[in-house]
Amino acid sequence: MGARRTARERALQALYQLEMTQGATTREALDSAWAASAEDGKPEPDAVKFAKELVEGVEAHREEIDALIERHSHNWRLDRMSRIDRNVLRLGIFELKYRPDIPRKVTINEAVELGKNFGNEESSAFVNGLLDRVAVALGKP
């Protein structure tokens, strides 16, 4: 598995933990996500750095990201979405809006994979549709 895919998985796990654990810090959540995957061996420094950038970026822009999710989700309030779907969407929207170096197709494909691997059977289609609408709204080619 590539460093960025691994980083996205750990970032998703950290964001999930931040929602579940009151008072947890970004560092604690990331450390926990990496420790849980210790069987993968020592993580690549690039993966650690990218995961940190993702989690810190989502946390720094959460209100704006959540507003985009609410605006573009049809008949779904943020608090009614599964925690996994909500955090996959946050990661994807952060990349779409704040990481111009990552192509739209890559961001959406990676988010869909996260939805397949960590969400339920509807997650990938839900994530794909909503991220596509957000990407169009943001003018991301």
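Does histidine 72 count as buried or exposed, and at what relative accessibility? In this predicted model, histidine 72 has a relative accessibility of 14%, and because buried means under 20%, histidine 72 counts as buried. The residue has its place in helix 4, and, once its neighbours within four places in sequence are left aside, histidine 72 is in contact with Leu130, Arg133, Val134 and Ala137.

Asparagine 75 is exposed, with a relative accessible area of 81%, and its backbone has a phi near 65°, which is a positive value in a residue other than glycine.

From these single residues we can turn to the interior. In soluble globular proteins, nonpolar side chains tend to be buried together. Here the largest nonpolar core holds 40 residues, and those that touch the most other members are Val55, Ile69, Val88, Leu89, Leu91, Ile93 and Leu131. At least two residues of this core are supplied by each of helix 1, helix 2 (26–36), helix 3 (45–60), helix 4 (62–72), helix 5, helix 6 and helix 7. Isoleucine 93 gives an example of such contacts, for, leaving aside its neighbours within four places in sequence, isoleucine 93 is in contact with Ile65, Leu68, Ile69, Leu130, Leu131 and Val134.

An α-helix has 3.6 residues a turn, so residues three or four places apart point the same way. With that in mind, the reader can look along helix 6 for its buried residues, which are Arg104, Thr107, Ile108, Glu110, Ala111, Val112, Leu114 and Gly115. The partners against which these buried residues pack are helix 1 (3–20), helix 5 (83–98) and helix 7 (123–138).

Glycine 115, which lies in helix 6, counts as buried at 0% relative accessibility. Apart from its neighbours within four places in sequence, glycine 115 is in contact with Val88, Asn120, Ser123 and Ser124. The C-alpha atoms of glycine 115 and valine 127 are separated by 7.0 Å, although the two residues are 12 residues apart along the chain.

What space is left between the atoms is a further matter. Rolling a probe the size of a water molecule over the atoms shows where empty space is left. The structure holds 1 cavity of 30 Å³ or more, and about 40 Å³ of space lies in the largest cavity. The residues lining the largest cavity are Arg8, Val88, Leu91, Gly92, Glu95, Thr107, Glu110, Ala111 and Leu114, and the elements that give two or more residues to this lining are helix 5 and helix 6. Sorted by class, the lining of the largest cavity has 4 nonpolar, 2 polar and 3 charged residues.

The largest pocket, for its part, contains about 160 Å³ of space. Thr26, Arg27, Leu30, Asp31, Trp34, Val48, Lys52 and Glu56 line the largest pocket, with helix 2 and helix 3 each supplying at least two residues of the lining. The largest share, 5 residues, comes from helix 2, and by class the lining of this pocket has 3 nonpolar, 1 polar and 4 charged residues.

Note on methods. Residues numbered from 1 in each chain as written. Predicted model: local features only at pLDDT ≥ 70, side-chain atom pairs only at ≥ 80, totals over all residues. Heavy atoms only, no water. Buried < 20%, exposed > 50% of the residue type's maximum accessible area, 1.4 Å probe, protein only. Helix = DSSP H or I, 4+ residues; strand = E, 2+ residues; numbered from the N terminus. Contact = heavy atoms within 4.5 Å. 1 Å grid on protein atoms, 1.4 Å probe; cavity = no way out; pocket = protein on both sides within 12 Å on 5 of 7 lines; lining within 4 Å. Points joined across faces, edges and corners; volume = space filled by probe spheres on them. Nonpolar A, V, L, I, M, F, W, Y, C, P; charged D, E, K, R; others polar. Core = buried A, V, L, I, M, F, W, Y, C linked by side-chain atoms within 4.5 Å.
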